[in-house]
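Hi,

Here is the structure I promised to pass on.

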Amino acid sequence: MSGRLADRTALITGAGSGIGAASARLFAAEGANVIACDIDGNACRETAAAIASAGGSAIAHPFDVCDEDAWRDAFAAGAARFGRVDVLMNCAGLFDGEALEDATVAAFERVVAVNLKGVFLGCREAIRHMKSRPANLPWASLINVSSTAGFVGTARSGIYTMTKGGVRLFSKAVAVEAAEFGYPVRCNSLHPGGTETGMFDDILAARGLTREQHREAARTRNPLGRMAQPDEIANGALFLASDESAFMTGSELALDGGYAAR
Ligand SMILES: NC(=O)c1ccc[n+]([C@@H]2O[C@H](COP(=O)([O-])OP(=O)(O)OC[C@H]3O[C@@H](n4cnc5c(N)ncnc54)[C@H](O)[C@@H]3O)[C@@H](O)[C@H]2O)c1
């Protein structure tokens, strides 16, 4: 452990899989206490157990990010176990892969509930919890996971793109409001490009592609010519969580192989 997050406690949603699980493991390896949260209780318990067996500090706290009361309980559980919560990473997310003409209201409501309402509830609860933290502590950090879909549009992802653009601008509003209100809280959005996770499998299923076909398409999709691994995205989340990004708020960190650069 090298301690870039020593004495910090991080609550991470979507910590049962993919980018959230990789971030939970990395944050713990850097000294953080981790509250690993996911709607899938077994998955977040596995993440917490993996952290514990590597010598780190973690608890699992399963909940649905769309549940207002559950957010209050999650922060209360984190504070009861570790004293306070310093970092929130809103990573839970859903993808939809329909062409607009085929998209249903049910899909819209499902994706908006997790990707937007979940991020709103998380940031609101974090501000309530973090706004009066002691002045001798480093500023708290909120990390909202958006996507390259927060920058540019693509076919068959209209609802997802709408939510990820919303996450990007909501993060700026949270950052500016917190600073203007004198709260010691930073907020930034993180923008992964295509990353090989469970969501990647959802995208494949939606597009009727095999993994190899998708990887082949990825070779031309971004300048670096490949998809990301979850650990590569977790490195960006670690930067946003730590004081290395202390002068960064209301901004975007793209880890997209150069996708949005052209
Ligand atoms: N994989 C990619 O290519 C990619 C690209 C850009 C952005 N992202 C974003 O990264 C984030 C993480 O995605 P991932 O690729 O690791 O996907 P993933 O499917 O591997 O992990 C998402 C996790 O969120 C959890 N989750 C879903 N609904 C939930 C809810 N209501 N409450 C709590 N947890 C819930 C799932 O159980 C799952 O463990 C998402 O916000 C996603 O939009 C992913």
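A quick definition before the helices: a crossing is right-handed if the near helix is turned clockwise from the far one by less than a right angle, and left-handed if anticlockwise. Helices here are DSSP runs (H or I, at least four residues), numbered from the N terminus.

One caution: this is a predicted model, so local features need pLDDT of at least 70 and side-chain atom pairs count only at pLDDT 80 or more, while totals for chains, interfaces and linings use all residues. Residues are numbered from 1 along each chain as its sequence is written, and side-chain values use heavy atoms, with hydrogens and water left out.

On to H3 and H4. H3 (residues 68–82) passes H4 in a right-handed crossing. Their axes (lines fitted to C-alpha atoms over the stretch in contact, with angles from 0 to 180 degrees between N-to-C directions) come within 10 Å and cross at roughly 40°. That makes H3 oblique to H4; angles under 35 degrees count as roughly parallel, over 145 as roughly antiparallel, 65 to 115 as roughly perpendicular and the rest as oblique. Contact means heavy atoms within 4.5 Å, and here Trp71 and Phe75 are among the H3 residues involved, with Leu121 and His129 among those of H4.

H4 (residues 105–130) also meets H5 (residues 158–180), the axes coming within 10 Å and crossing at roughly 15°. The two are therefore roughly parallel to each other, and this crossing is right-handed. The H4 side includes Phe108 and Phe120, and the H5 side includes Tyr160 and Phe170.

Cheers
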